[in-house]
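This briefing is for a reader who is new to the structure.

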Amino acid sequence: MDRRRPATGDTNADGSTDRALVRGLVNLLVAILLVCSLALGTALFAPQLIDGLDIGEQPSPSPEPPPAGERNPSVADPGDPGASSYETDVEVVRSATVEDFVHAKINDRRAAHDLPPLEWDGTVASVARAHSTDMARRDYFAHRNPDGEAPADRFQDVGDYCRGYGENIAQTWLDRRVSSASGDGIVRHQTAEGLATGLVNQWMNSTSHRQAILEEGRTPGWDRAGVGVYITDDGAVYAGQNFCQEW
């Protein structure tokens, strides 16, 4: 999770050789635990491909999602490619349909925590979609692109659109076996609704991403949001949800 407000670590020295040795061993154990923790975090955001496992019957095709809102805003990111899609054995999964489902499911999660729904904003969605596309085409997965540009720069590209903003990103696959967001099973996304559920679960199973969605911690109160999904020809999915606090 990357947002405009910056996030905000006591040492003790001892001349004893024994204490220095103990300190060194403790530091080594902490470093090992930290590496393990970081590896788990990566799995939550970008599920690993799993081959050779049968996960059961195919799902039913997606129902019609509730329409999120405007898709042709007067102000759009120049890197926004528009719609993308991928055909599975069940249905043609269209990026716009996934975006509608994600937006609705995020608002459902907010409602369960007594938060008002986020209004869909086509410009914010365009910024998210352009970044998702850039990650796919230049093969990286990060809030900051290879040119060093962060969310702040992307919002300035559309007229410094928001006073405060946040960004959640996720990556997964269509029609391939991947580890579930909870890490305790295998899933295969073959429908727009199933893919949207998987993306939202990824974010809700990560502390910082969940805080952005539910406005917890130091997260500001959002006024609106937009979802941007890009699907590659081989079924890789890059997704982002950007949040906005108006001026």
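**Salt bridges and a buried strand**

D147 and R138 form a salt bridge, with 3.1 Å between the closest N and O atoms. The model is a predicted one. Twelve salt bridges are counted in it. The points below take up some of these pairs and then turn to strand β9.

**The D147 and R138 pair**

- D147 is exposed, because its relative accessible area of 55% is over the 50% cut-off.
- R138 is partly exposed, at a relative accessible area of 34%.

**The E215 and R110 pair**

- A salt bridge joins the side chains of E215 and R110, at 3.0 Å from N to O.
- This pair links distant parts of the chain, 105 residues apart: E215 lies in the loop between α6 (207–214) and β8, and R110 lies in helix α2 (residues 95–112).
- R110 is buried, because its relative accessible area of 1% is under the 20% cut-off.
- E215 is partly exposed, with a relative accessible area of 23%.

**The D175 and R188 pair**

- The side chains of D175 and R188 also meet in a salt bridge, at 3.2 Å from N to O.
- D175 is buried, with a relative accessible area of 17%.
- R188 is partly exposed, with a relative accessible area of 29%.

**A network of salt bridges**

- Salt bridges link R71, D80, E99, D100 and R129 in a network.

- Strand β9 covers residues 236–245, and ten of its ten residues are buried, so the strand is largely enclosed by the rest of the structure.
- On one side of β9, the buried residues are A236, Y238, G240, N242 and C244.

**Strands paired with β9**

- Strand β5 (residues 164–173) runs antiparallel to β9 and is joined to it by ten bridges.
- N168 has Q241 as its bridge partner in β9.
- Strand β8 (residues 224–231) also pairs with β9 in the antiparallel sense, over eight bridges.
- Y230 has Y238 as its bridge partner in β9.
- β8 and β9 form a hairpin, with four residues between the two strands.
- In the turn of this hairpin, G235 has a positive phi of about 90 degrees.

Definitions and conventions:
Residues numbered from 1 in each chain as written. Predicted model: local features only at pLDDT ≥ 70, side-chain atom pairs only at ≥ 80, totals over all residues. Heavy atoms only, no water. Buried < 20%, exposed > 50% of the residue type's maximum accessible area, 1.4 Å probe, protein only. Pairing = 2+ DSSP bridges. Salt bridge = Lys/Arg side-chain N within 4 Å of Asp/Glu carboxyl O.
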